[in-house]
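Thanks, everyone, for making the time this morning. I would like to walk through one model with you, going region by region, and I will give the cut-offs for each term as it comes up.

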Amino acid sequence: MSHSSLPHDIDIDAVITGDIRLDAASSLRLYHEAPLHELGKWAAQRCQFIHGEQYRTYVIDRNINYTNVCSAHCTFCAFKRDLGDTDAYLLNTKALHEKVRQLVNIGGTQILLQGGMHPELPIEFYEQMLRDLKCEFPSIHIHGFSPPEIVEFVAVFKLEGFPCTLPNRSHELSNDVWQAKLEAILTRLCDAGLDSIPGGGGEIFADRVRRRIGIGKATADQWLKVMSCAHQIGMFTSATMMFGHIESVADRIDHMLRVRAAQDRVIEAQYPGRYLSFISWPFQPDHTPLGKLDSWDPESGEPFAGDDPQHPLAGKQLRLAGATDYLRTQALSRLVLDNIQSITSSWVTVGPKIGQLGLFYGANDMGSVMMEENVVSAAGTTHCLNEPVLCHLIREAGFVPAQRDNKYRRLHVHEGQQSPDHQVKDWSRHRRTNLHRQGSGDEGGQVPLPVVGDRAS
Ligand code: SF4
C-alpha cells in the first residue's frame, strides 16, 4: 500500500501489523510530518488490528480522593493542600462509604482511590480503609494509590525492620532497603484489598521536565520501580502521561518508549501482572503555578530536546496542547506502544466530542463515567458524563458500547433496546438535566457529601 504523505523510510503497514517498531527518530518524524488525519487513520488501523471486535469500552467507576493533603508541590496542581490548611480534608469512613454506595447504585464496578501524598498517616490507616471497603463492598475493585503515593509510603511508614526517612528525609534508604520496603508495603496493601495501581503521577519522565513540575514527588525511576514491583506481585496497572506544558514532543516520545521498554521487561520476566492501558491528557492550566508560566524565556538555556530551532514555538516555556496536538499524541501512543493492549481516550480533559473523536485516533476505550472529579476540575476542566451519554458517544462513532471491568473484560455489550443510551428519548433534555461541566467556581458537579476537615490520628 502506498502512503504518499508518509516519511518515505517508515513502513507504516508493518507498524500497523506489529511487525516493526517505531523508534524515537521515526516517531518524532511521524508526529511532525504526517498529516493529522493520516496519523489518525494509521492509529485506528493499528487499534482495529489489536481490537478487531466492533465494540468499544468504558468502565463505571468513581474517582475518590480520600485526602487533599499532600507533601509534594507539583507546579501543575491546584488540588493539594498542606497539613493544617483550613480546607485540607481527609474523608472519614462514613463519607467514603457513602460515595462508594452511590457508585454501586449506578452499576459501578471500581473506585479510583487516590490522595494527596499524606505525610503522616501510618500503613495501618490504609490497611483498615481497604479492609473496610472490601468488607462493605466486596465486589468493588480498588484501583488505588498511584506510584508517587506509594513512594511516599516508603518514606513515611514505620515498618518493623525498616527505617523511615521522615520527618526530614535526612538519610535516604539504600536501593536494596528501599526496594525491600516497597515490596513489603505493596504486599501488605494487596493483602488488605488493593487490587491494582493507577498510573497517576507519570506526567513526563524526562528529568529536565520532571524536576520542574513534580517537585517533591517520585522520580521517573521510582515510578517505574513501583510499577515493576506491583507487576512482580501480580497486580495490573495503567500508565499515564500529562503533556502540553514545558516538555517537547521528543520528551513525550521518550516517555512512551520508557513505558514500552518497561512492559518489555515485564513480559520478558513473565511477571504475573503488567501494564494494561495507557492514557495521556493535556495539562489543564487554571489556578496552577505552572499555568502562569506563559512567557517566552530565551534565556532559560534549556532548549527543548528534539525541537527544531526554527519551530515557531521554539523557546516558548509553556506550550499547552489543543485538540489536534492531543489527537496526534494519542494516535502516536497507539502506534508506539505496541505491547500495551488498551489506549484510553481522555474525554474528561478534552471534552466529550474530542474524546469521541479519539476513537478514530487509536483509542479503544472511553474511560469512565464521571460521577466526581476533584484534581483536574481544580485546574479548571472536567466534563461530567453519565452512562447513557458515554454509550451514545460510542454508538454515534459507529461502535457498540460495552461496559468493562478493570481488566478490560466485557461485562455488558449494549446491543439491544435495553441499552442505557436507548432509554433516553429526549437527548437535549437529558443533557440539560443530567450533565454539567464541573470546574473551579462551578461546584454543580460536586456530590454534596460530608467531608471532614480533621486529621487522622
Ligand atoms: S499532583 Fe498529586 S502529588 Fe502533585 S501536588 Fe497535586 S496532589 Fe500532590
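Pro 388 sits in helix 15, which spans residues 387-396; helices here are DSSP runs of H or I with at least four residues, strands are DSSP runs of E with at least two, and both are numbered from the N terminus. Please keep in mind that this is a predicted model, in which local features need pLDDT of at least 70 and side-chain atom pairs count only at pLDDT 80 or more, while totals for chains, interfaces and linings use all residues. Residues are numbered from 1 along each chain as its sequence is written.

Is Pro 388 buried or exposed? It counts as buried, because 22 C-beta neighbours lie inside 10 Å; the rule is that a residue is buried if 20 or more other C-beta atoms lie within 10 Å of its own, exposed if 12 or fewer, and partly exposed in between, with C-beta atoms placed from the backbone. Leaving aside residues up to four places away in sequence, Pro 388 touches Pro 420, Asp 421, Gln 423, Val 424 and His 430, where contact requires the C-beta atoms, placed from the backbone, to lie within 7 Å. For Gln 423, which is 35 residues apart from Pro 388 along the chain, the separation of the C-alpha atoms is 7.8 Å.

Among contacts with a separation of 6 or more, residues 24 or more positions apart account for 79%.

Let me turn to the strands. Strand 2 (residues 61-65) is mostly covered, since five of its five residues are buried. In a regular strand the side chains alternate between the two faces of the sheet. In strand 2, Asp 61, Asn 63 and Asn 65 point one way, and Arg 62 and Ile 64 point the other way. Strand 2 and strand 4 run parallel and are joined by five bridges, two strands being counted as paired if DSSP finds at least two bridges between them; within that pairing, Asn 63 stands opposite Leu 112.

Strand 4 (residues 110-114) also pairs with strand 5 in the parallel sense, over four bridges, and here Ile 111 stands opposite Ile 142. Between these two strands the chain passes through helix 5 (residues 123-136), and the β-α-β crossover is right-handed, in the sense that, with the strands pointing away from the viewer, the path from the first strand over the helix to the second runs clockwise. In strand 5 (residues 141-144), His 141 and His 143 point one way, Ile 142 and Gly 144 point the other way, and all are buried.

The loop between strand 4 and helix 5 contains Gly 116, which is joined to Gly 115 by a cis peptide bond with omega at about 25 degrees.

Gln 270, in the loop between helix 10 and strand 9, has a positive phi of about 55 degrees, and Gln 270 is exposed, with 7 other C-beta atoms within 10 Å. Tyr 408, in the loop between strand 13 (400-404) and strand 14 (410-413), has a positive phi near 65 degrees; Tyr 408 is partly exposed, with 17 other C-beta atoms within 10 Å.

Finally, helix packing. Helix 6 (residues 147-156) and helix 9 (residues 220-232) pack at an angle of about 90 degrees, with their axes 9 Å apart; axes are lines fitted to C-alpha atoms, for helices over the stretch in contact, and angles run from 0 to 180 degrees between N-to-C directions. Helix 6 is therefore roughly perpendicular to helix 9, given that angles of 65 to 115 degrees count as roughly perpendicular, under 35 as roughly parallel, over 145 as roughly antiparallel and the rest as oblique. The contact is made by Pro 147, Ile 150 and Val 151 of helix 6 with Gln 222, Trp 223, Val 226 and Met 227 of helix 9.

Technical notes:
Two residues are in contact if their C-beta atoms, placed from the backbone, lie within 7 Å.
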